[in-house]
Structures are given as C-alpha cells and as structure tokens.
Amino acid sequence: MIHCFRLKGFNIVLDVHTGGVHIVDDITYEMLENISLPLDDDCKKGVIEKLKGKYTIDELEECFDEIVELYNDGILFSEDDYEKFADYAVASPVKAMCLHIAHDCNLRCKYCFASTGDFGEGRKLMDLDIGKAAIDFLLEKSGDRKNLELDFFGGEPLMNFDVVKEIVKYARSKEKEFGKTFRFTITTNGLLLTDDKIDFINKEMSNVVLSIDGRKEVNDRMRVRVDGSGSYDSIIDKYKVLVSKRDKSKDYYVRGTYTKYNLDFSNDVIHLYECGFDQVSVEPVMGDEKESFAITEGDLDKICNEYDILVDKLTEIREKGGFCNFFHFMLDLNQGPCAIKRLRGCGSGNEYVAVTPDGDIYPCHQFVGIEKFKMGNLHNKTFNMDIKNMFAKTHIYAKDDCKDCWAKFYCSGGCNANNYLYEGDILKAHKLSCKIQRKRLECAILMNVMKELEKQS
Amino acid sequence: MKHIKTINKANLKKTAAKGGCGNCQASCQSACKTSCTVANQKCEKDA
Ligand code: SF4
Ligand code: SF4
C-alpha cells in the first residue's frame, strides 16, 4: 500500500508497510496515482497510454522503470506481512498506570471530560494506603518490565500533593528490591504550584504536563475557576519558573486544548512559544458533540488548514535558528518504535490502567466511571482478566477501519476510549479523530522531509 | 535515480522481527491523554 500526498510544493509518497518515504517529481506522482500491482507489461502500457499526451514516452518509460526498481528493492508497494505478528497479541504485563490522586479540581474547565474533576463519582482524594496498594499492584503485575510509569493525574493532583510525595517515596524505596525504575509524571493546571512543589516535581518527575490553552483570552474562556474567573494570570509565571529551573534532560509540555472557539490555534502554539516554552502540545477537544465548543465535521477544513499554517510558522522559527517542538508533529522517520509496538497503540487496559481514589481499576483515565469497563479493585484484590484480554487484542488488524488505513503504523489504531465514546465500540475508529490524525501525520512527515533535505544540501 | 528520492531507511519490517520488548513508554503517558500517536515514541530496547 502507498499513500501519495502533495503539500507545500512537495510530492510525497509513503510506502506504508516499510515506512519508506520518497519524494517524487510530478510525472512520477501522476504515474503512481494511476497504477497498481502487478507492475507488468500491461500496467506499463496502460499508464503510458494514459499519460502520453502530457509527457514523452521516454520520460514515462524511465519513470516506470524507477518505480519497478524500488518495488524490487521492497520499498514501494511493499507487502503487508504484519498480520501474523498481530495474532501473537497476548496480554502483556501491566507497566504503566494513571493514578487519580484527586477526584477534585480547583478549576471548572468547560470541556473537562472528568465532569470538572470528579468523574461523576463525587469529589474525593486518594489516601496513602490506596496509593501504596497501587504501587504494589504495579510491582506485582509488571513481570519482566523494568521501566514502570506512573502518572499523577486528577482532577488536580496538586490538591493532594502530600500523598503524591509519600507515594513517590514509597515507590523509590522498592526500586532496588524489585529491580525496577519508576518514571513519574504529573499533569497539573498549575494553580497550586509553589517553589517547593516545583522543586519536587523537577527532581522526581521525568515529565510534567502543564495545562494552558494558549492566548489569555482563549485560555480564560474555557479554563475558569469556580467563580468563573480565568486562570491564565495565575499560572503563566509559575510555568515559566518551573521550566527555567528544570533540567534539560527531563521532559515537559505546555499542553492546551483547542475548541470551536479557537480554530486558529496555531496562534496559541506560537503564543506559548513566545512565552518561552519550546515543548508544546495543543490538541482538539474531545467531548459531547452537542456542546457549543465541540469540534464537528464542518470544522475540519479549517482545522486542516490551520495545521498547514502551523507548519509554516514552525518552519519560520526553525529557519531563524529557533526551536519549538510541537507534540503531534514529532516523528522520527528512521528510528521510531518497532512495528510490534505500532500494532497496538496506547496499551490501555492491557499494559496501562487507571486507578481511582476508591481503588477501582479501569483500562485508562478516559474509561473511569464507565461501569462495564471496571476491571477490578485494589481493596478486594480483584482484576478481571477477560477485560484485559479483550483490550490486548485491540490491535490494528482487529479494527476494520485501521487495517487498510495508510496511517496505521503511526496512529496505531487510535484511541480506544474515543472509539467507545463516539462510535460505541472500542474497535471502531472515530472518524473525526482519524481525519485530524491523518492531517497531522502528513504535516509531520513533510516537516521531516524538509529537515532531511536541508541536512543533505 | 532521476525521478524519485528516498528520504529514509524504510526499515519498519526489520523492526518487527526483533521488536516487542515492551520497554518503551506507554503512549498516552507523554502529553496527550486524549489521543494516541505511537510513532512519536522512542525505542528503548536494551542495546
Ligand atoms: S484510528 Fe483512524 S487514522 Fe488511526 S489507523 Fe485507524 S483508521 Fe487510521
Ligand atoms: S484509550 Fe485513548 S485516552 Fe485511553 S490511553 Fe488509549 S489513547 Fe489514551
């Protein structure tokens, strides 16, 4: 399978099953759009006949021969021989956890998927015993995996920071004995950040996600306090301090959400960059399509165009010697994750679970509160393997939309939670997300192509 | 080649045989929390 697209004057051809990326001239591009396997004499004759009014026969023959050469090298129209690996998809050790340390929040963001913090289950903080039990669970279920990931999530985790600290201490005390390393991350809205908390986060957390939507008016429209006032002014300087004190070897992201109200979100990315942040993620809102801020089918052209604009803006920054990493354009065309990893995506419900303040276990943070996906509970030590096995099999070859999608090895079958929430089935791709995903990937591939060509010249 | 320029190593198939160690990050842990993009993860297989 190949995927051809034109963007910013480049003709790009992706060979889906090897990940090969080629740039081609117009004649080759047109030829590729008009041929399919087998590349035999009939195929050659047919396409030359079709295009000979536009190009010379010599040129067309030369082109066809180059295409055949790449085909013979196995990097164009390559075969899909991955399904056999998908068949091995079995339950993996659990090695990553989203710990809902606080089902409470000091903001009332209008688009919150957690019902403004409590996930519809009542406002609650996790106590240390549950936190410790969660660590024990991870140590026990992680098999031979050495790197264990624990994300402090909410609600707002800083509302229960003493427990965060104790859990980190407890987990660290177990690392040697079990031969594991914990990687902690935290996602915060920033309101309660203090110098002490910043220092702790910078010392212990390998990644920190700082929520902010971009421009002040954009942020303050959605990210409001209980009294309706905006949060921008209270957080922006704290984020700057945190990032300025942070070791460069550790990750962070300022992370925003765009909605129907700011479909010109490239301005928000650039605003954040201009505030001094070079690791930025701004993503489409997810939630009830009936909400006034929800993104709908009719917004897609505007959104796709906005990603194109963002490419230009980021390119300009790079050409001026600056650096801004946009999360969804990150892609390493030579050394990304292995194909096996790419078959299965996020690992929700299989190698990744979420734990609530009550000790309930769910496939991931977005499934929390949906009774039929409750996998077990830490108090009574239950863990439903049927649900786990079901999630283990959510690979791209089990998803009808995905197996023939050109983006399958980058997207890996999308978000199971979105699939369920919008399409009613974890195996059914959420069309709107797919369109946005594919656009971002085209932009990401293009940016890599541009960088690579620059390097070569 | 005159008409086609290959940009990368196109080595995805090779990674299938030796891959699957499971040491890399679970993808939703990094920044998103609302979507899945796997290709921007790093491989962390022990050398
Ligand atoms: S979720 Fe959508 S974009 Fe992703 S692989 Fe499946 S069909 Fe393609
Ligand atoms: S199902 Fe969606 S929200 Fe949940 S871990 Fe996977 S990508 Fe993230």
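Lys54(A) is exposed, with a relative accessibility of 58%. In this predicted model, Lys54(A) pairs with Glu30(A) in a salt bridge whose closest N and O atoms are 2.9 Å apart. Across all chains, a search of the whole structure finds 34 salt bridges. Side chains of opposite charge can pair when their charged atoms come close.

**Glu30(A) and Lys54(A)**
- The bridge links distant parts of the chain, as Glu30(A) and Lys54(A) are 24 residues apart.
- Glu30(A) sits in helix α1 (residues 26-33) of chain A, while Lys54(A) is in the loop between α2 (41-51) and α3 (57-72).
- Glu30(A) has a relative accessible area of 15% and is therefore buried, the cut-off for buried being under 20%.

**Arg215(A) and its partners**
- Arg215(A) forms a salt bridge with Asp264(A), with 2.9 Å between the closest N and O atoms.
- Arg215(A) lies in the loop between β9 (205-211) and α8 (216-222), and Asp264(A) in the loop between β10 (251-258) and α10 (266-274), so this pair ties together parts that are 49 residues apart in sequence.
- Arg215(A) counts as buried at 16% relative accessibility, whereas Asp264(A), at 26%, counts as partly exposed.
- Arg215(A) also meets the side chain of Asp268(A) in a salt bridge, at 2.8 Å from N to O.
- Asp268(A) belongs to helix α10 of chain A and is 53 residues apart from Arg215(A), so this pair too links distant parts of the chain.
- Both Arg215(A) and Asp268(A) are buried.

**A network**
- Salt bridges link Arg172(A), Glu175(A), Lys203(A) and Glu204(A) in a network.

Technical notes
Residues numbered from 1 in each chain as written. Chains lettered and ligands numbered in written order. Predicted model: local features only at pLDDT ≥ 70, side-chain atom pairs only at ≥ 80, totals over all residues. Heavy atoms only, no water. Salt bridge = Lys/Arg side-chain N within 4 Å of Asp/Glu carboxyl O. Helix = DSSP H or I, 4+ residues; strand = E, 2+ residues; numbered from the N terminus. Buried < 20%, exposed > 50% of the residue type's maximum accessible area, 1.4 Å probe, protein only.
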